[in-house]
Structure formats: C-alpha cells, structure tokens
Amino acid sequence: MILPIVGYGDPVLRKKGEEIAKDMPNLKQIIADMYETMYNAYGVGLAAPQVGLAIRLFIVDTKPFSDDEDLSKEEQEQLAGFKKTFINPVMLKEEGEEWGFNEGCLSIPEVREDVYRHERITIEYYDEDFNKHTDVYDGLIARVIQHEYDHIEGVLFTDKISSLKKRLIQKKLQNIMEGKTRPDYKMKFIAKKGR
C-alpha cells in the first residue's frame, strides 16, 4: 500500500525513533509498504518518520544512482545491487574526508542543497529477519544511509546547510508546511489534511 509521505514541519520528523521489538505487529507489512511508497515517489531511501512512524527503521535502494556515467563501473554495479532494510541501526563510526553532494528529501520536495558528509561509515543494524549485521560502507551508499539515519534521529538535511542557505529556502519550506507544493506522489501536510 502506498503511504502518504509526511511533509516538512510535521513534528514526527523531529522525533527520535523508538527501538523496534522483534515481535512488533505488522513489521513486514510496514516494510513492504515503505518500499512501495519509496518506489512510487522515485526515492532512493525512506525512513519510518517520513510515513508518520517514530520508530528506528529505514530502507535504502540505490539503484537509481547506478545510471550516473560519472561513476566508475565498479561503483555503478555496487549501487545497482544495493537494497537493504535497517532496523534499530546504530552508527558506530563516521570517518574519512567530508564531501559535498546535492541532496533532496521526499519530505521536503523541490528543495535541493549541497550537504557535506563523511565518506565512510560503520553501522550496526538488524535486517527484516532480525539478523544482526555490522557493515562498513563508503561513497554514495554511505551518504544515503547517513541521510536516512538522520531521519530516525530527528535530523533533516536542511539542518546541515548554512544559515544563509536556510534563509534563502525559507519560503519554499513555508510553502511545504502550508501544502502549497505539488509533488507527483501522495503527501500529508501539517496545515491541511490529505492532499
């Protein structure tokens, strides 16, 4: 089922996600609905708070980035095959050079800004079958994971840009809160119910 994506300004986007119990009812269905919602909106990642759930869960599928011809063949192949569910993740390390990349967010449509993040991460998490993993990622995969991880910590990419850039996008953010934006996917805004 395609869920509405919560728009900027909704308090759920600022909540730190709660740990998920292994026996959480409907968890597999929530994950399936999140993938369907993400693909419908042409996203590469989606965190539970973006569909109104303040829990520690996000999904990533970097396949859309694999078409970038500026990337090496090896990185294109990695991106094409990277699809994962992260339950109760813990960021163990963020290291390496910080590098900029133009990021967007399904909860903040029509806003894109350069964000600087570390090039390599070490993350511990459970998959959808509650098997525990500790993995190291770098490049675009690490960036997408960091972006989604921020969501379950109540942090948005707009928190990581300069105060000048924040002032420049203030009107766009206000329009999102008021539901005056029309992305081609279902959204829920704080100023109005439905879409």
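Here is a working chat about a predicted model, from its sheet to its cores and a few single residues.

Trainee: What is the strand order in the open sheet?
Mentor: This is a predicted model, to begin with. The order is S2-S3-S4-S5-S6. That makes five strands, with antiparallel pairing.

Trainee: Which strands stand at the edges?
Mentor: Strand S2 (45-47) and strand S6 (132-138). Each has a single partner strand, so one side of each is left without a neighbour in the sheet.

Trainee: And how much are neighbouring strands turned against each other?
Mentor: By 40° on average, direction ignored.

Trainee: Let's go strand by strand. How many bridges pair S2 and S3?
Mentor: Three, in the antiparallel sense.

Trainee: Is S3 enclosed or open?
Mentor: Five of the five residues of S3 are buried, so S3 is largely enclosed by the rest of the structure.

Trainee: Which way do the residues of S3 point?
Mentor: Leu57, Ile59 and Asp61 point one way. Phe58 and Val60 point the other way. All of them are buried.

Trainee: Now the other end of the sheet. How many bridges do S5 and S6 pair over?
Mentor: Seven, in the antiparallel sense. Tyrosine 126 has lysine 132 of S6 as its bridge partner. Threonine 122 stands opposite valine 136 in S6.

Trainee: What sits between the strands in that hairpin?
Mentor: Five residues lie between S5 and S6. In this hairpin, phenylalanine 130 takes a positive phi near 60°.

Trainee: Which strands does H3 touch?
Mentor: H3 packs on the sheet and touches S2, S3, S4, S5 and S6. Its direction makes about 115° with that of S4.

Trainee: Is H3 buried or exposed?
Mentor: Mostly covered. Of its 14 residues, 14 are buried.

Trainee: What span should H3 have?
Mentor: Helix H3 covers residues 139-152, which is 14 residues. At 1.5 Å a residue, they should span 20 Å. The end C-alpha atoms are 21 Å apart, which agrees.

Trainee: What comes just after H3?
Mentor: Glycine 154, with a positive phi of about 80°.

Trainee: New topic. How many residues are in the largest nonpolar core?
Mentor: It has 37 residues. Those with the most contacts inside it are Met34, Leu46, Leu57 and Ile108.

Trainee: Which elements give two or more residues to this core?
Mentor: Strand S1 (5-6), helix H1 (27-40), strand S3 (57-61), strand S4 (83-105), strand S5 (108-126) and helix H4 (163-177). H1 gives the most, with six residues.

Trainee: What's the story with a second core?
Mentor: The second core is separate and has 20 residues. Among them are Ala47, Ile121, Leu140 and Tyr149.

Trainee: Back to Ile108 for a moment. What does isoleucine 108 touch?
Mentor: Tyr8, Leu156, Phe157, Thr158, Leu173 and Ile176. Residues up to four places away in sequence are not counted.

Trainee: Where does threonine 37 lie?
Mentor: In helix H1. At 1% relative accessibility, threonine 37 counts as buried, because the cut-off for buried is under 20%.

Trainee: What is threonine 37 in contact with?
Mentor: Met1, Ile2, Leu3, Ile5, Leu46 and Val51, leaving aside neighbours within four places in sequence. Threonine 37 and isoleucine 2 are 35 residues apart in sequence. In space they are 4.6 Å apart, C-alpha to C-alpha.

Trainee: And what does the side chain of threonine 37 reach?
Mentor: The backbone oxygen of aspartate 33, at 2.7 Å.

Trainee: Last residue. Where is lysine 63 found?
Mentor: In the loop between S3 and helix H2 (73-80). Lysine 63 touches Leu79 and Ala80, not counting residues up to four places away in sequence.

Trainee: Why does lysine 63 count as partly exposed?
Mentor: Lysine 63 has 48% relative accessibility. Buried is under 20% and exposed is over 50%, so 48% falls in between.

Trainee: How far is lysine 63 from aspartate 23?
Mentor: Their C-alpha atoms are separated by 30 Å. Along the chain, the two are 40 residues apart.

How values were computed:
Residues numbered from 1 in each chain as written. Predicted model: local features only at pLDDT ≥ 70, side-chain atom pairs only at ≥ 80, totals over all residues. Heavy atoms only, no water. Helix = DSSP H or I, 4+ residues; strand = E, 2+ residues; numbered from the N terminus. Expected span 1.5 Å × (residues − 1). Buried < 20%, exposed > 50% of the residue type's maximum accessible area, 1.4 Å probe, protein only. Core = buried A, V, L, I, M, F, W, Y, C linked by side-chain atoms within 4.5 Å. Contact = heavy atoms within 4.5 Å. Polar contact = N/O pair within 3.5 Å; in protein donor to acceptor, adjacent residues only side chain to side chain. Pairing = 2+ DSSP bridges. Axes fitted to C-alpha atoms, helices over the stretch in contact; angles between N-to-C directions.
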